[in-house]
Amino acid sequence: MKSYIPPQFTVERDDRRCNMCRICIEECSFGVHYYDEKRKTMGAREERCVGCHRCSAFCPTRALTIRTHPAEFRPNANWRPEFILDIKKQAETGGIVLTGMGCDKPYRIYWDHLVLNASQVTNPSIDPLREPMELRTYLGRRPDRLELTDDREGGRPAARLAGRPGGFDLPDVPPDGASSAPSPVKVEVPILLAAMSFGAVSFQVHKALMQAAQEIGTLCNTGEGGWPAELRGFGRHVIVQCASGRFGVDADYLNEAAIVEIKIGQGAKPGIGGHLPGEKVTEAVARTRMIPPGTDALSPAPQHDIYSIEDLAMLIYALKEATNYEKPVAVKIAAVHNAAAIASGIVRAGADIVVLDGFRGGTGAAPKIIRDNVGIPIELALASVDARLRAEGIRHEASIIASGGFRNSADVLKAIALGADAVYIGTAALIAMGCTLCQQCYTGKCAWGIAASDPKLTERLDPDVAARRVVNLINGWSLEIKEMLGGMGINAIESLRGNRLHLRGIGLEDWELEVLGVRGAGT
């Protein structure tokens, strides 16, 4: 069947610069470039180009330029080009249109409509170069209150955390106090590395992310695909997932990590499960996931032992029992319409951390129709969840981690002001490694070796170099956060958490300001 789908990109080759070295042929994993032996010229099959820019980045003479294809359909407000192309694809394949990464439809990005406060006269700003700025964050259940007793040791009053004996990292707390709530986990920056499963991304990516987390003093999430044995040494900086497929889950997996996360939903595909094609299930992936090589790895849409908050509570406490009540347990849900009520139930079920994933959160593969039409922005979900937990008096019982499309340090700071304790970044970390958001992760042909399983592709990514790039990114964001905090007259990130008075909205409707809990600019 002849394809009616026009090329998405055009490949421009400057023949004056091109020396026919054929590096572009070696670098392109989609078979775009070729050498015509008869004509002694280089050519391009533009219909295969996905816009990953690997060829242009590695062309030694800078002879290649990749541009959006100039061909256009007749303008039609209802039948936009994306709909026409998707129909043509389905007419040729008869299947679901898949895509990678998060929602890219032009919905309102609320971070761009929120501005931060700054100190002027009455509240002087702070110079982060001269005064200490505290970005350290603790993730987990907090005590109800701190009480001082009459007992004294070394001339100091002894402290006791009422409502939850033991746990919190304070020098005067008895270290042997029994508690059903584990100690909060300390991270040096409120930026964590998001869940990406082994198989969906390469081993090199996992290693780079864990190396980066260890160097920065933060946490990296394994995703639902298990945890390679070769990387177990990073345990103090790793969050493991317990998802519906239970891939790789055993006692060692749970006990060697810092936090255990129950995955209920994902922002890019709320309400559906996961599917890793058999061709991506290599020997190493199969061994880690505890499944036969070459078989499809299917994660059911629901967790088949969870059909109520009471069922969730049983799994939470089963995981706490399995880890001797030493690991905080998180529950991850997609940002959906009733996220606030769900989060309240999660906290009351005993979770120590609530993870919210907005619809711009990345994924290796999702039906495009679901990615672009199901779920809500993380900004609205975060604000409503924080407000609900505060109204019910249980906000201190769990930390909130926000996820889904964080692009820069300002987004992170605004999320903390809306109520997050920390944020996950995934796509930004992959971009730091080389990703260009071509959204072809599901093909397994990632030319940058990120979302690939072919050794010829995965070896392109040097874990040490990738880790250094991620470390540099987060260090840069941390410096920017300190600068912004200093300008606001705040010297600790904890003082900003949930403090929406430091935010103002621009160009937002009244209902949006109400949900976000912020005032309009100028008020």
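**Ground rules.** I'm working with a predicted model, where local features need pLDDT of at least 70, side-chain atom pairs count only at pLDDT 80 or more, and totals for chains, interfaces and linings use all residues. Residues are numbered from 1 along each chain as its sequence is written, and side-chain values use heavy atoms, with hydrogens and water left out.

**Domains.** I looked up how the protein is divided and got domain 1 (9-95), domain 2 (146-177) and domain 3 (185-520). These bounds come from an automatic or database domain assignment. I then checked domain 1 against domain 3, whose C-alpha centres lie 33 Å apart. Their contact (heavy atoms within 4.5 Å) takes 13 residues from domain 1 and 11 residues from domain 3.

**Buried area.** About 1,000 Å² is buried between domain 1 and domain 3, and carbon and sulfur atoms give 57% of that. Buried area here is the accessible area (1.4 Å probe) that two parts lose on being put together, summed over both.

I counted 2 salt bridges between domain 1 and domain 3; each needs a side-chain nitrogen of Lys or Arg within 4 Å of a carboxyl oxygen of Asp or Glu. Asp 86 pairs this way with Lys 368, their closest N and O atoms being 3.2 Å apart. On the domain 1 side that touches domain 3, α1 (23-27), α2 (54-58) and α3 (81-93) each give two or more residues. Of these, α2 gives the most, with 3 residues. Helices (H or I, at least four residues) and strands (E, at least two) are DSSP runs, numbered from the N terminus.

**Whole structure.** My search turned up 32 salt bridges. I noted Asp 112 with Arg 407, closest N and O atoms 2.7 Å apart. Asp 112 sits in the loop between β5 (98-99) and β6, and Arg 407 in the loop between β20 (399-403) and α11, 295 residues apart.

I traced an open sheet of 3 strands, ordered β6-β22-β23, with mixed pairing. Pairing takes at least two bridges found by DSSP. β6 (114-116) and β23 (519-520) are at the edges with a single partner strand each, so one side of each has no neighbour in the sheet. Strand β22 (residues 503-505) runs parallel to β23, joined by 2 bridges. Gly 505 has Gly 520 in β23 as its bridge partner.
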